[in-house]
Amino acid sequence: GSLTAERRDLLESMDFSWHVDRKMNEWDEMFRRLQRYKELHGHCAVPLTYAQDKKLGAWVQTQRCDFEMNKIKDEKEERLNSLGFVWDVDLEDNTSYNSMAEQRWDDMFHRLQRYKQEYGDCLVPMLYAEDRSLGDWVKTQRRVYKDNRMKAERKERLESIGFVWNVDKKTLSHTSKADQKWDEMFHRLSRYKQQYGDCLVPHTYVHDRLLGLWVHTQRSMYKLKNMTSDKEERLNSIGFEWNANENVDDSSSTSVSEMKWNEMFSRLEYYKEQYGDCLVKNSNAGDKSLCEWVKTQRRAYKSDKMKTERQKRLESIGFEWNTDGNSTPSSSDSDQKWNGMFNLLLRYKYLYGHFLVPKNDANYEGLAEWIKNQREANKVRRIRVNREKKLNSIGFIWNSKETISEWDVMFDRLQRYKQTYGDCLVPKNYVRDRALGAWVREQRNAQKSKTLVTGRRLCLQSLDFVWNVDGNVLKWNEMARCLYHYKESNGNCLVPTGYAEHKALGEWVKLQRK
């Protein structure tokens, strides 16, 4: 071929394979699928009839057969061993078969634990849409237990997470749409309980109006004695208050007061989602009662009459206790723009470790100007408290005098590029940092026109900067960079010809072998 020795060395440094047959490519694809299976399940014991990928189950069995007949290559054996591959799984051997069964049971148990964390119980419906196999598995555990075939260890593990052995079939069968709907609402109430610590859902709960109505209906059904025992037990298990709406004595009126406070708090949360703060104004809220309620909370706080729990809940959503009369919340659009620029700044800080954003960086358009505006607003004390806190939380530097020149910022990015790739041949359209590709081209043009400052030229030369570069060389280097990233992700350079994520890369790799 026409490859230079330098390019050949570069490819070989990535363990590039010059001679690759089609079968090897297919083997690598299956190996990657096994890696994904291992990440998902924690083992390589793929069932022969694995429903999600039948081809993978058959391929795993083939590897074992090849191993037994001494037909598997050392390289393949090593790569499979690196995943903890089990070679001696014999379907007729109870020991190895039981090992696979144990792994399967553990996998399902962990899925049940996740279900418990989300919904607060282990009552998985038989037709649970998000994980149908889990409903069947739970049913099987109950049947095995009833037949006295349950291992003591498994019984203990299930009971440790509150597993219920005897359950009314109606609770789990969900044969009617009404049952399915009830279960869905119960899970929504469980999530409400996790968030707020009680089941006192306001009748007009703005985040989920249907839930407030449903809770009211359950209390009515209970009073009329139309509530089934299994539903009553499930509601009791999460601390449901049956008499929350009664005003008979002081304790029940306190409960009503708590419900009203919760309702107003949920309306404030909704306001916060819309406008980005808790500085309620009639013009924005269209809700005089919310505006008055917010003032009442501040008065209660100033007079030390605020409950600690309520104070914590208000502060958790960024409630400000001291506001001057001139504070005005910005519009929803303004907050969205501010948060968008903040996220852009966060990404820049993560990549480069500082806030010195060049003015003409196409990847971060408008960010340099936005940073300047934040500093100016802070100087005249016009920046909102919650925004100042957010910027402080990422170590933002308010003193603009600490900045350095844009040229130094770009030079720092070039140094990082050199550390990663070993040269300064940044492609013109370098996707990871388009501004850097353009800046490198500007330095070459400045050198040609003799306008590049001597100090800067020496800095670039210290990185072995190449002044005259052929466009084809840059294109080749760009593809080499893509191959480098492919190797990082997949552990090899065996790019399929029709590689979906980068079709040109597959063709380029094929061309290098020719």
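D107 and R111 both belong to helix α5, where four residues, about one turn of the helix, separate them, and their side chains form a salt bridge whose closest N and O atoms are 3.3 Å apart. A salt bridge here is a side-chain nitrogen of Lys or Arg within 4 Å of a carboxyl oxygen of Asp or Glu, and helices are DSSP runs of H or I with at least four residues, numbered from the N terminus. D107 and R111 are both buried, that is, under 20% relative accessible area, with exposed meaning over 50% and partly exposed in between (1.4 Å probe, protein chains only).

This is a predicted model, in which local features need pLDDT of at least 70 and side-chain atom pairs count only at pLDDT 80 or more, while totals for chains, interfaces and linings use all residues. Residues are numbered from 1 along each chain as its sequence is written, and side-chain values use heavy atoms, leaving out hydrogens and water.

**Other salt bridges**
- The structure holds twelve salt bridges, one of which joins the side chains of D106 and R157 at 2.8 Å, N to O.
- That pair links distant parts of the chain, with D106 in helix α5 (residues 94-119) and R157 in helix α7 (residues 152-160), 51 residues apart.
- D106 counts as partly exposed at 26% relative accessibility, and R157 counts as partly exposed at 24%.
- Within helix α7, K155 and E159 lie four residues apart and form a salt bridge with closest N and O atoms 3.1 Å apart.
- Salt bridges that share partners join D121, D183 and R234 into one network.

**Nonpolar cores**
- A nonpolar core is a set of buried Ala, Val, Leu, Ile, Met, Phe, Trp, Tyr and Cys residues joined through side-chain atoms within 4.5 Å.
- The largest such core has 34 residues, of which L189, W214, L235, L268, W293 and L314 touch the most other members.
- Helix α9 supplies the largest share of this core, six residues.
- Beyond its neighbours within four places in sequence, L189 is in contact (heavy atoms within 4.5 Å) with residues including W214, L235 and F240.
- A second, separate core of 21 residues includes M341, A368, I371 and I383.

**Helix α3**
- The buried residues of α3 are L56, G57, W59, V60, Q63 and R64.
- These residues cover an arc of only 165° around the axis, which puts them on the same side of α3, the arc being that of the directions from the helix axis to the C-beta atoms.
- On the other side of α3, K54, K55 and E68 are exposed.

Definitions and conventions: Helices (H or I, at least four residues) and strands (E, at least two) are DSSP runs, numbered from the N terminus.
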